[in-house]
Amino acid sequence: MSTAGLDGPRPQTQPRLIAIRAILTGIADSILNLCVFLAIALIGGIWSSWIMVERGSSLFTSTSGAWVLWTGAGRPDADPYTRAHFARQGSLPLGSTAMHVWNARADDDGQRLHSSCEYALEGDGLNAEWWSLAVFDERGSLIVNAAERHAYNSRTVALGPDGGYIVTLARDARPGNWLPTGGAGRLVLQLSRPAPRPNARAEEAQAALRGLPTIRRIACR
Amino acid sequence: MKTPGTDRRRPRVKPRTLALAVIAGAIVHICATLTWPYLTTGGAFERLSKLLPVDQMRVLPPTAAKTQVMAFQAPDLRYAVCRFNASEAAIVVRASLPESGWTFSVHGTQGQSIYVVSGQDQRATEIALLLLPPGERFVGPLPEARLTSGLAQVPLPTAEGLIVIRAPSKGAAYHAVLEAELAKASCTPRRS
């Protein structure tokens, strides 16, 4: 019995299938390459820019514990990340030669500051003539509270017998230096103090970078 | 041995695509970073422009949740702000910083500092500036050379901006004293 009739089309169909498969593979290749290209170029480019602008990097920030200082803040020759950071923030940064403004968005364990938790900020009085410690919500707005208390400074904070201080961040009233956090959600702490004088000795300038309060989480609801 | 027709190749990413994507990603990164300041709304200049008259120094009320006009506005500082427009005439600014902790700053429309002065210990810092519109710059060996009128010249990159004087608050009892000191500052167009 001849099988010529059944086997006949194969040699003609197979090259066609191969050609179609090659075309489909080529299209799939192109789509995959396009997707990878767009993902890396657009998403990667924008995401990495966003991260650098929001969080900063060691290239243009100084850190001390959870505190971050944008060293180029407010300077005319500031790097593009610093400019974008403060433009997005909507604030008017002072030059870092005039005032050091430290921000903390996390506690000393790296956990995001949140109004559902209670925190203790412990400092040694800060070796500066004037300083201010304020709490904001994530967008930089002061938190509405009945006590209308938003900050402590070197003249209003109650010092302990050892010359240090403890400021408590909590939703409900606490004894001592209490900063209400209400239901603000994510919190941002801001510590402002005059920058070291330009002619300050190196150790004085280094000391100014240290001595920031520790941020310890006490409890969360 | 592979037969050409039976080779089912999976789609794969070409190394060249990866390399190009990384280069394009870097370009997008740079463009995005440079563009953020222009895409954001609700900046300090925008907010204060709606509240303040042009070329007049105003002392802002003590900062509280209801009176806050800028993001991250320190509640323990008192502010005097002048929204200037130097497109028609240069701006004459006079202010005094009685002690350390006080600061004087000139900001552009995007919030960047153009000029900053800090108060000093045990002596008042007197400020007398002439803010020059863009393109109007005096020729001289120093860009901020003092004129005979006693005004230091500051060339502006943009015609509009803000002048901000910050005074550290010592408590409610000192508010009146601080306000009186801040109210002495002035910002007026130069009349020729």
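Colleague: Which residues of α1(B) are buried?

Modeller: An α-helix has 3.6 residues a turn, so residues three or four places apart point the same way. In this predicted model, the buried residues of α1(B) are Ala21(B), Gly25(B), Val28(B), Ala32(B), Thr33(B) and Pro37(B).

Colleague: How many residues does helix α1 of chain B have, and what span does it reach?

Modeller: Helix α1 of chain B, residues 15-39, has 25 residues, and from its first C-alpha to its last it reaches 34 Å, which is close to the 36 Å expected at 1.5 Å a residue.

Colleague: What is the pattern of chain B when read along the sequence?

Modeller: Chain B holds three helices and nine strands, and along the sequence they follow the pattern α-α-β-β-β-β-β-β-β-β-α-β. Among contacts in chain B between residues at least 6 apart in sequence, 65% join residues at least 24 apart, while 35% of the 192 residues of this chain count as buried.

Colleague: Which residues have the most contacts inside the largest nonpolar core?

Modeller: In soluble globular proteins, nonpolar side chains tend to be buried together. Here the largest nonpolar core has 87 residues, and those with the most contacts inside it are Val81(B), Leu131(B), Ile163(B) and Ile165(B). Strand β2 of chain B, residues 77-85, supplies the largest share of this core, six residues. Apart from that core lies another, of five residues, among them Ile40(A), Ala41(A), Val28(B) and Ala32(B).

Colleague: How many residues of chain A are in contact with chain B, and which element gives the most?

Modeller: The size of an interface is often given as the accessible area lost when the parts come together. Counted here by contacts instead, 60 residues of chain A meet 51 residues of chain B. On the side of chain A that touches chain B, two or more residues come from each of several elements, including α3 (80-89) and β9 (187-194) of chain A, but α2(A) gives the most, with 19 residues. The residues of that side divide into 31 nonpolar, 21 polar and eight charged.

Colleague: Where in chain A does pLDDT stay under 50?

Modeller: Where pLDDT is low, the predicted coordinates should not be read in detail. In chain A, pLDDT stays under 50 over residues 1-5, for which the model has zero contacts beyond four places in sequence. For chain A as a whole, the mean pLDDT is 85, and 86% of its residues reach 70 or more.

Terms used. Residues numbered from 1 in each chain as written. Chains lettered and ligands numbered in written order. Predicted model: local features only at pLDDT ≥ 70, side-chain atom pairs only at ≥ 80, totals over all residues. Helix = DSSP H or I, 4+ residues; strand = E, 2+ residues; numbered from the N terminus. Expected span 1.5 Å × (residues − 1). Buried ≥ 20, exposed ≤ 12 C-beta atoms within 10 Å, placed from the backbone. Contact = placed C-beta atoms within 7 Å. Nonpolar A, V, L, I, M, F, W, Y, C, P; charged D, E, K, R; others polar. Core = buried A, V, L, I, M, F, W, Y, C linked by C-beta atoms within 7 Å. pLDDT = per-residue confidence, 0-100.
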